[in-house]
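This report goes through the contacts between ligands, chains and domains in the structure shown below.

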Amino acid sequence: MDTEITLRVDGAAHPLTVDTRTTLLDALRERLRNTSPKKGCDHGQCGACTVLLDGRRVNSCLVLAVTVDDAEVTTSNGLAADGQPHRLHRSFVEHDAFQCGYCTPGQVCSAAGMLAEAQAGWPSHVTADLDAEDVDLTDAEIRERMSGNLCRCAAYANIVPAVAAVAAVEGVRR
Amino acid sequence: MREFRYERADDVDGAVALLAADPDGAFLGGGTNLVDLMKLGVATPDLLVDVRQLTSVEVTGLPDGGLRIGAAVPNADLAADRRVRERFPVLAQALLSGASGQLRNRATTGGNLLQRTRCGYFTDVTKPCNKRAPGSGCGALEGVHRNHAILGQTLDGPGACVATHPSDMAVALVALDAVVQVVGPDGERGIPIRELHRLPDDDPSRDTTLRHGELITAVDVPVLGFASRYRKARERASFAFALVSVAAALRVEDGVVADVRLALGGVAHAPWRATAAEAALRGQPATEEAFGAAADAELAAATPLRDNGFKVPLARNLVVRSLLDLVEVAR
Amino acid sequence: MTTIDRLVGAGVDRIDGPAKVRGTAAYAYEQDPGEPIAHLAVVQSTVNRGRITRLDPSRAEAMTGVLAVLTPANAPRLAGDLASDLPVLQSPEVHYQGQVVAAVVAETSEIAKAAVGGVVVEYAAEVPDVVLSADRDDLYAPEKVMAGFDTDSVIGDVDGALAAAAVTVDATYETPAQHNNPIEMHASMARWDGDSLTLWDANQGPHTIVSDLVKGFALEPGQVRVISPYVGGAFGSKAFTHPNQMLAAMAARVVGRTVVFELTRQQMFSLVGHRTPTIQRIRLGADPEGRLTAISHEVVEHTSKISEFAEQTATATRVLYAAANRRTTHRLARLDVPPPTIMRAPGETPGMFALESAMDELAVALGIDPVELRIRNEPAEDPERHVPWSSRHLVECLRTGAERFGWAGRDPRPRMRTEGRWLVGTGVAAATYPTRRRKADCRISVDGRGRYVVEIDGSDIGTGAWTTLSQIAADALGVGLDAVELRIGDSRLPRAGGAGGSTGLASWGSAVVLTARDLRRRLEEQYGGQLPADGLVVDGGVGGESPHAKTHSMHAFGAHFVEVRVDRDTGEVRVPRATSVYDGGTIVNAKTARSQFLGGFSMGISMALHEESQIDARLGHYVNHDLAEYHIATNADIGELDISWLDEPDELANEIGLKGIGEIGITGAAAAVANAYWHATGLRIRDLPITPGKYFRELGLT
Ligand SMILES: Cc1cc2nc3c(=O)[nH]c(=O)nc-3n(C[C@H](O)[C@H](O)[C@H](O)COP(=O)(O)OP(=O)(O)OC[C@H]3O[C@@H](n4cnc5c(N)ncnc54)[C@H](O)[C@@H]3O)c2cc1C
Ligand code: SF4
Ligand code: FES
Ligand code: FES
């Protein structure tokens, strides 16, 4: 069943017709040919499709496009403001935090969303003191918070320092 | 995926009316379970009524010091809520142990309660499953069932089903005696959460006692007033469903158990309130021995399958350890 | 070498990095074919063996937006003697569950997927035979095992030596079926222009795919072009042609426009191969000082009914340790399973789990430190071929690793260390992987202004080849990185073998070096060292194996040291830290090499603790066919990894002195974890993965 929506992606508005069945991920990849977010499972199990939806990280493969026609979508490519790489982009390259690169835009978006969550003081499964005011993104915290993004190349041991470096700059890592 | 209409109602009653008129319709929360199942052909609604912007996204205080959680509160926000973290750590921990950061951002309180089993035969429409296709048999019973139920299963007949309920949050809410507020075609009602999820009995197709068209609007959590915690054992360090989990709360006075709440996840078709263990514990000394005896009392009823017998000692250890940790916290 | 090493060895950032982190590097599915794309989705058999008795596509055909439904009745006939499961839709016979029995082509992916449900298929099916066991009476010895190795090797009198040995170990180890599961699912996009086919495809070597397409569609090699500049991981599943390439090309021909087929994650469990399960009996005999007198390694594994894939599981046992009496064997059962294939270090990975676990058991039986036991059995030459090593530094790896990890002073007794509720232990295992090289062609052209274009059909599946090959070229040409433009991942480029068997950089790098040398010589001889105004093009390459391969045994080596923690209440396992030291010859790029090592090793942790494709013995399918149920390690499962290497170029192996490092990291890793698990708990788990359930089983509580 076709429906008219407007998707706002990386700062630009795109009016388009989608099937109600179309996911945000497929709308981006197949309709808008924005292939920065990747498909690795289509079922919320890998994180490759992670985008920021109104600033929050979500799995775009489980979001129906019709439900977000009023939201702002940011992909990893969209994090590069004015064509300048985002700090996370630079840190990922510098730390070689990927190999095949397929899970990577999802990792980057996830990291961006995760840093904002940490800034807001959200705890995680490994946070010992749930009542603590501030979050300190230790390696263990980063590992847990980034675990929704599978990397089959297993660049994990490099993703952690790549994110940690940015967390330190942003004041959420002591 | 089957074609469907997508609607956003103006209010709760409108949403209920839309669904009441369509036996094949469904409410859409975050979609992290429903859309998944639609892609697999397991769920085939012809109408989706989006309720994410309809029910509350707020957590508000109840007069008794408890909390009312709007049905649309995302799992992530609920876990981060200061009041939840302080008063109901068991709930925050349960939420944080579930799924991933991304999923918790999208998943709603109402949807989380109603997520369906992860049984691999249920999610594969080419395989027998009494829950999905009543009468087709239970593929898991003699098949791959390492992570299936050990308690309260239906082990034979057309109702055979050995699935588990996958929610972590629900286990905590069951321990907390939450009440689920619903609005349906016949009006409003509050369902004690222990009466929401059901055992398979002779009809595993029904996960809950909700009637078609009933919308969850909120979940009320009454005040607890003593220490609680959630502990989940799983096959990888993160982003995995529970093998067994325990939601526990304990009040000890003069070394004696004054009050206790125990619920188990990963062991049954519904979050499992360990009433036998609770009864065995009240008034007993808060010792490792008593905790073990209580766990044994609960697990005496276990009927493990060919490949999941490990869940019995695992559940026992988790119960004992969780209670000992709570004794430690209280010190 | 006439060049100075300037770039080789440096930790140069990936050339493709900036595009990959932003997501602008275009993988197969993301390429622009220049016309609207039609989508393909497949109907798969729900039985393992039998034939289709009825197939009715009419409901699907009637759906709006459906362009065609291909079935065995109407699909284009494929020519040639295509192997295994490549003759897609050519007959109503069914050989494995998940086999493609029909394909829908539609305007959108949503329509194609929905239409799959509109195809009715009925079967006459037989009971599936899918369970491997060591006592099956139909086990057979294949003629050869993978990579051309002998099926069996028998030297001396193994049984006599075992009977006479002071200390013996006799144990059976099992590894489950595993699935490669690169995060990029296999995808093929086909476009025909007349009789010429272009395929944008996720694979490990475009030329390999071309040859099957040429065969199947009865074309000339020049009529098929396969383009694969970026590949989202592979680990073996993308090495060979699978039904997806055939189907995309067939469908594009039928509907007359570009067709794309992207597998679903679930389909990754039936259509693109898996690692065979193994059952391995190891017997070791040793004298009281720990010198091995006998090694026996007998392997049972499966293959499919339609193809023989015999994994070379015991071949590492032929090179790792000295012993006068030795035996390795491989036996296969042909089951109703999808065709197995290679998966990261096929053979060595499961084989080394068994051998290196057994060595640990022997060390315990002897009361000798497991590092020392390995050192005592270091062979002076290849113990079966009786030729010298091109280079072998296993002992240095073990010693350096022990030092870095802090192995000294370890209490050898199990279950002696606890921290809170954690049982803590440490373990060690060796790693080894063969060093080989394949034929590769190369073309280098230079223009009058000193810009070099290096062309070779190599591929970068995450290995870093875009960067490392550019570094090698720049050094060989004596120029900076920015003077070199590399072109890979396109069958129009000079032919080369795919990324597999850790041969990529050895082969492509040698071809580049030799071609570059030739170019520089010609510049010198013909142009007096000046660049000719209209440039110069030189075709060159490398012929295949190193000339020293016949007279020397060539292998990479390594050693893993692992700390394991086991929760005594739940049996949950963590690997908080590990040290690996590698003898990988010349390291071309310190950054990308480290990633290869740690990626391989982490996949070994994943194998040890998580990975297992669970088959339903009665219904015949892999039940846990997605990434929620088939667990691979998450970020939280990987702890601190200390990765290092010895700086020991292997001058005999190839022009660069490298040994190939894509697979060595995973070999032995699972054994190191299992050995540390034993040290932590006193429980010896011989069947992977090491799950909480097995903790309770070993405690006798289930
Ligand atoms: C890979 C993966 C891993 C996961 N791991 C875990 C885990 O470890 N632990 C865990 O607990 N969960 C886990 N989950 C499940 C996740 O928590 C649920 O998918 C989520 O909570 C469902 O919420 P939702 O709002 O997205 O529900 P939806 O998918 O929108 O809805 C689920 C069901 O609830 C109904 N519904 C939704 N809202 C209402 C309402 N207000 N009233 C009545 N009916 C309603 C829908 O009709 C549907 O039937 C995982 C999910 C995935 C995909
Ligand atoms: S356990 Fe329940 S859900 Fe699973 S196959 Fe059996 S009936 Fe279906
Ligand atoms: S593609 Fe969305 S989580 Fe895997
Ligand atoms: S970089 Fe290949 S999957 Fe993460």
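Which polar backbone atom is 2.5 Å from an oxygen atom of ligand 1? In this predicted model, the atom belongs to B:Phe27.

## Ligands

Ligand 1 is placed between chains A and B. Its surroundings comprise 34 residues, with B:Phe27, B:Thr32, B:Leu34, B:Thr108 and B:Asp168 the closest. Besides the atom of B:Phe27, at 2.5 Å from a ligand oxygen, a backbone N or O atom of B:Leu34 is found 2.7 Å from an oxygen atom of ligand 1. B:Thr108 contributes through its side chain, with a polar atom 2.6 Å from an oxygen atom of the ligand.

Ligand 2 has 15 residues around it, and those that come nearest are B:Cys119, B:Cys129, B:Cys138, B:Cys161 and B:Val162. By class, the shell of ligand 2 consists of 11 nonpolar, 3 polar and 1 charged residues.

## Chain B against chain A

The contact between these two chains involves 43 residues of chain B and 40 residues of chain A. About 3,400 Å² is buried between chain B and chain A, with 52% of it on carbon and sulfur atoms.

Between chain B and chain A there are 4 salt bridges. In one salt bridge the side chains of B:Arg8 and A:Asp70 meet, at 3.6 Å from N to O. Polar contacts between chain B and chain A number 25 residue pairs, both residues at pLDDT 80 or more.

Several elements of chain B each supply at least two residues to the side that touches chain A: strands E1 (5-7) and E3 (47-50), and helices H2 (34-39), H3 (75-80), H4 (82-87), H5 (89-96) and H6 (101-106). H6(B) provides the largest share of that side, 5 residues. Sorted by class, the side of chain B that touches chain A has 17 nonpolar, 11 polar and 15 charged residues.

Chain B itself is assigned domain 1 (5-48) and domain 2 (227-330). The C-alpha centres of these two domains of chain B are 36 Å apart.

## Domains of chain A

Chain A is split into domain 1 (2-75) and domain 2 (83-170), and their centres, taken over C-alpha atoms, are separated by 22 Å. In this pair, 15 residues of domain 1 of chain A contact 14 residues of domain 2 of chain A.

The rule finds 1 salt bridge across the interface of the two domains of chain A. The side chains of A:Arg57 and A:Glu117 meet in a salt bridge with an N to O distance of 2.8 Å. Polar contacts across the interface of domain 1 and domain 2 of chain A amount to 6 residue pairs, both residues at pLDDT 80 or more. On the domain 1 side of chain A, strand E3 (50-53) and strand E4 (56-59) each supply at least two of the residues that touch domain 2. E3(A) gives the largest share of that side, 3 residues. The residues on that side of domain 1 of chain A fall into 4 nonpolar, 6 polar and 5 charged.

## Domains of chain C

Three domains are assigned in chain C: domain 1 (17-26 + 437-542), domain 2 (31-127 + 182-234 + 238-271) and domain 3 (144-177 + 274-435 + 550-698). For domain 1 and domain 3 of chain C, the C-alpha centres are separated by 35 Å. Contact between them involves 18 residues of domain 1 of chain C and 15 residues of domain 3 of chain C. On the domain 1 side of chain C, C:Arg437, C:Thr463 and C:Ser502 lose the most area to domain 3, together 36% of what that side buries.

C:Arg437 also takes part in a salt bridge with C:Glu655, at 3.2 Å from N to O between the side chains. Across the interface of domain 1 and domain 3 of chain C the rule finds 2 salt bridges, along with 6 residue pairs in polar contact, both residues at pLDDT 80 or more. Helix H10 (465-477) and helix H11 (504-527) of chain C each supply at least two residues of the domain 1 side that touches domain 3. H11(C) gives the most to that side, with 7 residues. By class, that side of domain 1 of chain C has 5 nonpolar, 11 polar and 2 charged residues.

## Buried areas

| Interface | Buried area | On carbon and sulfur atoms |
|---|---|---|
| Chain B and chain A | about 3,400 Å² | 52% |
| Domain 1 and domain 3 of chain C | about 1,200 Å² | 57% |
| Domain 1 and domain 2 of chain A | about 1,100 Å² | 54% |

Conventions
Residues are numbered from 1 along each chain as its sequence is written. Chains are lettered from A and ligands numbered from 1 in the order in which they are written. This is a predicted model: local features need pLDDT of at least 70, side-chain atom pairs count only at pLDDT 80 or more; totals for chains, interfaces and linings use all residues. Side-chain values use heavy atoms; hydrogens and water are left out. Domain bounds come from an automatic or database domain assignment. Contact means heavy atoms within 4.5 Å. Buried area is the accessible area (1.4 Å probe) that two parts lose on being put together, summed over both. A polar contact is a pair of N or O atoms within 3.5 Å; within protein, one must be able to donate a hydrogen and the other to accept it, and residues adjacent in sequence count only if both atoms are side-chain atoms. Helices (H or I, at least four residues) and strands (E, at least two) are DSSP runs, numbered from the N terminus. Ala, Val, Leu, Ile, Met, Phe, Trp, Tyr, Cys and Pro count as nonpolar, Asp, Glu, Lys and Arg as charged, and the others, Gly among them, as polar. A residue is near a molecule or strand if one of its heavy atoms lies within 4 Å of it.
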